[in-house]
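Reader: I would like to learn how to read a model like this one, feature by feature. Where do we begin?

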Amino acid sequence: MGSIGYDMRTVDITYMNGVLYALDVGGGTYTLVSIDPITGAKIAAVPITGGTLTGAKGITAVGDELFLIYGVSASYCGDACGSAHILGRLDTTTGALASLVNYRNLDGGFNHDFSALSTSASGQIIAHRRASN
């Protein structure tokens with residue numbers, strides 16, 4: 001495996017349909033980088049769009065779709081909501097992010113700052129929360 005030809009910094013990776021997808025949060029911008037797992041070469045790098053992202057922390061695949069856990073800036077949502085509590089669907093071609101669930105707004109005050117995403121063998125998305133000290 002050689003160089004991917006792209007300087008990634010803070011990365012989370014998932015695999016879907018023969019391609020590695022990396023969520024790169026280096027340099028203050030969020031980019032979806034697709035990588036050939038055999039050669040290690042970058043296939044594409046597209047900026048993630050769809051709001052003022054902050055705290056994007058996890059990416060996972062379910063079937064033919066990518067999902068991201070993230071927050072948005074206070075100027076975008078009107079309050080201090082930068083913690084990663086929104087689940088969105090990510091378009092692999094355009095980088096467009098569509099919000100699906102805002103966990104902050106669910107009944108019972110479910111206000112967690114998630115730290116990662118994964119997928120069970122049955123296709124269920126699992127949001128991981130860092131334990132409090």
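Author: We begin with burial: buried means under 20% relative accessible area, exposed over 50%, and partly exposed in between, with a 1.4 Å probe and protein chains only. At 3% relative accessibility, Asp 24 therefore counts as buried. This is a predicted model, in which local features need pLDDT of at least 70 and side-chain atom pairs count only at pLDDT 80 or more, while totals for chains, interfaces and linings use all residues. Residues are numbered from 1 along each chain as its sequence is written, and side-chain values use heavy atoms, with hydrogens and water left out.

Reader: What are the secondary structure elements of the chain?

Author: Helices (H or I, at least four residues) and strands (E, at least two) are DSSP runs, numbered from the N terminus. Here the chain has 1 helix and 10 strands. From the N terminus, the order is β-β-β-β-β-β-α-β-β-β-β. Burial can be read for the chain too: 34% of its 133 residues count as buried.

Reader: Back to Asp 24. In which strand is Asp 24 found, and which residues does Asp 24 touch?

Author: Contact means heavy atoms within 4.5 Å. Asp 24 is found in strand E2, residues 19–24. Leaving out residues up to four places away in sequence, Asp 24 touches Tyr 6, Asp 7, Met 8, Arg 9, Thr 10, Val 11, Thr 29, Tyr 30, Thr 31 and Val 33. For the chain, take the contacts with a separation of 6 or more: residues 24 or more positions apart account for 41% of them.

Reader: How do I read strand pairing? What is the order of the strands in the open sheet?

Author: Two strands pair if DSSP finds at least two bridges between them. The open sheet has 4 strands in the order E1-E2-E3-E4, with antiparallel pairing. Strand E1 (11–16) and strand E4 (42–47) stand at the edges; each has a single partner strand, so one side of each is left without a neighbour in the sheet. The twist averages 20 degrees from one strand to the next.

Reader: How many bridges pair E2 with E3, and how many join E3 to E4?

Author: E2 pairs with strand E3 (residues 31–35) in the antiparallel sense over 5 bridges. In E3, Thr 31 is the bridge partner of Asp 24, and Ile 35 is the bridge partner of Leu 20. E3 and E4 also run antiparallel, joined by 5 bridges. There, Thr 31 has Pro 47 in E4 as its bridge partner. The hairpin of E3 and E4 has 6 residues between the strands, and in it Gly 40 takes a positive phi near 80 degrees.

Reader: Which way do the side chains of E3 point?

Author: In a regular strand the side chains alternate between the two faces of the sheet. Thr 31, Val 33 and Ile 35 point one way from E3, Leu 32 and Ser 34 the other way. E3 is mostly covered, with 5 of its 5 residues buried.

Reader: Where does Asn 17 lie?

Author: Asn 17 lies in the loop between E1 and E2. Its phi is near 50 degrees, a positive value in a residue other than glycine. At 56% relative accessibility, Asn 17 counts as exposed.

Reader: How many salt bridges does a search of the whole structure find?

Author: A salt bridge is a side-chain nitrogen of Lys or Arg within 4 Å of a carboxyl oxygen of Asp or Glu. The search finds 1. The side chains of Glu 65 and Arg 89 meet in a salt bridge, at 2.8 Å from N to O. The pair links distant parts of the chain, 24 residues apart: Glu 65 is in strand E6 (residues 65–72) and Arg 89 in strand E7 (residues 86–90). Glu 65 is partly exposed at 34% relative accessibility, and Arg 89 is partly exposed at 33%.

Note on methods: Axes are lines fitted to C-alpha atoms, for helices over the stretch in contact, and angles run from 0 to 180 degrees between N-to-C directions.
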